[in-house]
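Me: I'd like to learn how to read a structure like this one. Could you take me through it, feature by feature?

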Amino acid sequence: MPHMKSVLRLQDIKEIDWPLLVLMLCIVGIGLAALYSASFGRLPELPLRQCIWVLTGIFLFMLSHKIGYRRYINAAYFLYALGILLLLIVLVTGSRKFGAQRWLYVGPLSFQPSELMKLCYLLALARVFSHFEPRELTALDIGFVVCLTLLPMALILVEPDLGTSLIFLPLFLGIFYVWGVNLRFLSGCALLGLAAAPVMWFNLKEYQRSRLLAFFDPNADPLGAGYTMIQSKIAIGSGGLFGKGWLSGTQNILNFLPERHSDFIFSVIGEEFGFLGSLVTMTLFFLLTSRILVTTLAKRDREARMVGAGVFLLFLVQSFINLGMSMGIMPVVGLPLPLMSYGGSHLLVNMVCLGLVSSFRKTV
Amino acid sequence: MEERLRHFAVLSQCCLLVLLLTAFYLQVVRSAYYKDLSSANRIRIIPLPAPRGTILDRNGVVLAGNRVAFSVVALPQELPDADAVFARLSPYVDIEPDELKRRYTKNYYVPFAPAVLMDDIKKEKALYLEEVLSEMPGIAIRPSFVREYPLGTVGAHMVGYVGEITAAELDRLKEYGYRMKDVVGRQGIEEQYDSYMRGVAGGKQIEADNRGRQVRVLGSRLPRAGKDVRLTVDSALQAYIRGLLQGYTGAVVVLDAQTGAVLAMESTPGFDPNVFVRRDEGAIRTLQRSSVAPFLNRALSGRYPPGSIFKLVVACAALEKGGVQKNQLYECQGYVYVGDARIRCWRREGHGFVNVTEALIGSCNVYFIQAGLKVGPVLLEKYARLFGFGSATGIELGHEYDGLVPNKLWKRQHMHAGWYDGDTANMAIGQGYIIVTPLQVARMTAAIANGGRLLRPYLVEQIGGLGVARVAATDTDVSQGTLRIIRDAMTGVIREARGTGHTASTKEVAIAAKTGTAQTAMPAKTHAWFTGFAPAEKPRIAFVILIEYGGSGGDTPALIARQLVLYAKEQGLL
């Protein structure tokens, strides 16, 4: 089997970013334990399904590592177009779940194109910037980049999926920053964003607005929009120093925590493993992002660095917002915790991203 | 580019710091607070009521007890399809499904607590329903204890009644462990001994999920039953007296003359405490609006002038300290002048020359006015107080009236006038400002009967099987010789044909008594008194009968007294 042989080349395996892979697997492992508890006696099929996703994800990590980031960047525009197409298909034919149209069904599998879009956007942005120098940027170029950003954001916003949509902003600003644009331009963009905030506000769905309001005063509507955040804080706070023990979180097992297998998986960790669990989880995420940064810095290639910065931001922003909202310091915007929350789409995309970072270490 | 990437490292360090600090704050600093919230989320207490102690009479007859009542309840947790179940239940209980649904919604409290659909159904109906309930998931028959007063109106003022705690009462009693929906005593023994009889409610601590459904029982504490209260009362005598008082307004008290134990205490008109258990709103409203004050226990809250029965006190004072000799005679011509005022004796033709014994037998006003003027108001007041007037007896019931013994100071303060001989003359015949309660009169009579010991009347014999400590009697310091003269005279009141209480005489028992006919604010309408003891030679019981606007003490009350004493003898109380 010559084909197999080429997949499992010894050289590739040697060049894998092992610390990155190990950190990733540690986080995934904790996530699976928490998911088992979160779905215990209620949704027993979830952990098994997630295991299959994880195995698939590890395979995709290897594959991306083998293919290498260079080829991905070469295909960036195509991938971007594919992502937009999928988003359009979702809007036209996608199935509605919880009042939102986010999923695409392929046989028994469901998939969220918005997750894939993050990666596609990242690659496209890196590709675009590789054409220009920071100093010779024209208004037309900027307009092109802004359109590149706003198009997927708009498509995702109407699904509606506010959290995923907003993720594109820090990606955009971050990559711009790394690319070397001057700070005046960047702060101009930020101001423009602030100016757009009121417009955004009035275009939000009622539930999104109430969720944002609930962030500022969760007790205003404790059984409505503020409920999840209050219950999550109670769960995490009542975990104390060492937690209530695996499968013993009362907030979890007695069903006081909504969405605990997906967006609020950290509440289960906080309740059952206590501050110790929080400390380990947060440190692992910190180490993972640091490792991404280290690997990126070791690479002297501009496009690679931009992709690396994008992946770094993707992980940092998503994990920070998710952990923050579980603990009540961020509004509830419906972002999964990378590598931990139940769900295949974001897991696979995240692992592909890490695979790309891993491929920076390849010599050829 | 490299430098800017390094900025990202600082960014991620900042993020880690913020997250760790937040987690530390929630899970270490504020952990206790969130642990409390988490427990409050999941732990619920279901109270298990304690059976209330019963009230018994001296022979163990139940005056207030508990009856098992059956109610039909819906258990929300086990009610899969309320509408379908109610439709099925409807024909068995003759209630429309809509009405069942309405009651269910009204009484629904939490998912694990039963909601009452029908209260207190008949036992046969409960048994019948129990058989068909298998096809109605979520519907159950629940037994519970309901207060019951088997004797109804008999002794109702004394026993009292119970009701569900009101918001105002709860505010006052919260500190003592009372909770919403608790049953509290409202009058009589039920009120005064509530803390003994209510027992200690138990509870079941359960773990509930986010929808309030019971997941498991964490622990339970069994309720502790309330203590039984045993009274000194003889319920048969009490019931008999109730019958005798039928149609009259007034009160009767029968005491053990030697101990002060209350053998009977009735007040009419009365009420049936069961209406409060049944929550018979119509009957309760009628009672509350009644002009004859049916809830008033006239035996200890009624306010009456004593009339001639006060002459017993005046006689004691005159013989002891007043300088009147037992054979000293006063002439009664049918009237006497006090200052310029002419006061008549009730006997127009006069009693002629009478000593103290004859004056008591004939209840001569002229004699007692003259003796009273000789004794003077200070001594009259002193002896009135020695015999317990002017202060509550201290019986174990609430709302007792102190009575009023007037003196110079009191008159100055309240009437803004001086004390005249006319006031002394009025007091000497139990009129004027002096006010007493029937219970005080009974206590006085018992003291005369038992050789001068002023007893504290008591109702409660035992609480939870243990005897109650007694308050020692106080001595009136009236000499035995004087008391003997008074007792002999009281025997004469009944025995002698000229005695005012001769109507009460009977060959079976020697009764000693004094009648009274007290003038009221309404002319020609008098309160009728009759107080005495029996047997005359060796007193066992002391009694008082008061009939409001009952005419002369020698008529109706005397007849009642005669029957009362005969019945008491029949009951072996003499």
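What follows is a chat that goes from the ground rules to the chains and then to single residues.

Me: What should I know before I start?

Reply: This is a predicted model, so to speak of local features we need pLDDT of at least 70, and side-chain atom pairs count only at pLDDT 80 or more, while totals for chains, interfaces and linings use all residues. Residues are numbered from 1 along each chain as its sequence is written, chains are lettered from A and ligands numbered from 1 in the order in which they are written, and side-chain values use heavy atoms, with hydrogens and water left out.

Me: How many helices and strands are there in chain B?

Reply: Helices (H or I, at least four residues) and strands (E, at least two) are DSSP runs, numbered from the N terminus. Chain B has 22 helices and 23 strands. Of its 574 residues, 54% count as buried; buried means under 20% relative accessible area, exposed over 50%, and partly exposed in between, with a 1.4 Å probe and protein chains only.

Me: How many residues does each chain bring to the contact?

Reply: Contact means heavy atoms within 4.5 Å. Here 34 residues come from chain B and 49 residues from chain A. Buried area is the accessible area (1.4 Å probe) that two parts lose on being put together, summed over both. For this pair it is about 3600 Å², with carbon and sulfur atoms giving 74%. On the chain B side, Met1(B), Arg4(B) and Gln27(B) lose the most area to chain A, together 21% of what that side buries.

Me: What is a nonpolar core, and which residues touch the most other members of the largest one?

Reply: In soluble globular proteins, nonpolar side chains tend to be buried together. A nonpolar core is a set of buried Ala, Val, Leu, Ile, Met, Phe, Trp, Tyr and Cys residues joined through side-chain atoms within 4.5 Å. The largest one has 114 residues, and Leu339(A) and Leu354(A) touch the most other members. Helix α15 (residues 302-326) of chain A gives the most to this core, with 14 residues. Leaving aside neighbours within four places in sequence, the contacts of Leu354(A) include Leu20(A), Phe61(A), Phe315(A) and Leu339(A).

Me: What about backbone angles?

Reply: Most residues other than glycine have a negative phi, and most peptide bonds are trans. Leu339(A) has a positive phi of about 70° although it is not a glycine. This leucine is in the loop between α15 and α16 (344-358) of chain A and is buried, with a relative accessible area of 1%. Asp120(B), in strand β4 (residues 115-121) of chain B, has a positive phi too, near 50°. At 36% relative accessibility, Asp120(B) is partly exposed.

Me: Where do I find cis peptide bonds?

Reply: One runs from Thr268(B) to Pro269(B), with omega near -5°, and another from Ala534(B) to Pro535(B), with omega near -15°. Pro269(B) is in the loop between β12 and α11 of chain B, and Pro535(B) is in the loop between β22 (526-534) and β23 (541-547).

Me: Is Thr268(B) buried or exposed?

Reply: Thr268(B) is buried, at 4% relative accessible area, and lies in strand β12 (residues 262-268) of chain B. Its side chain reaches the backbone oxygen of Tyr248(B) at 2.8 Å.

Me: And which backbone oxygen does the side chain of Asn274(B) reach?

Reply: That of Tyr149(B), at 2.9 Å. Asn274(B) lies in helix α11 (residues 274-278) of chain B and counts as buried at 13% relative accessibility.

Technical notes: A polar contact is a pair of N or O atoms within 3.5 Å; within protein, one must be able to donate a hydrogen and the other to accept it, and residues adjacent in sequence count only if both atoms are side-chain atoms.
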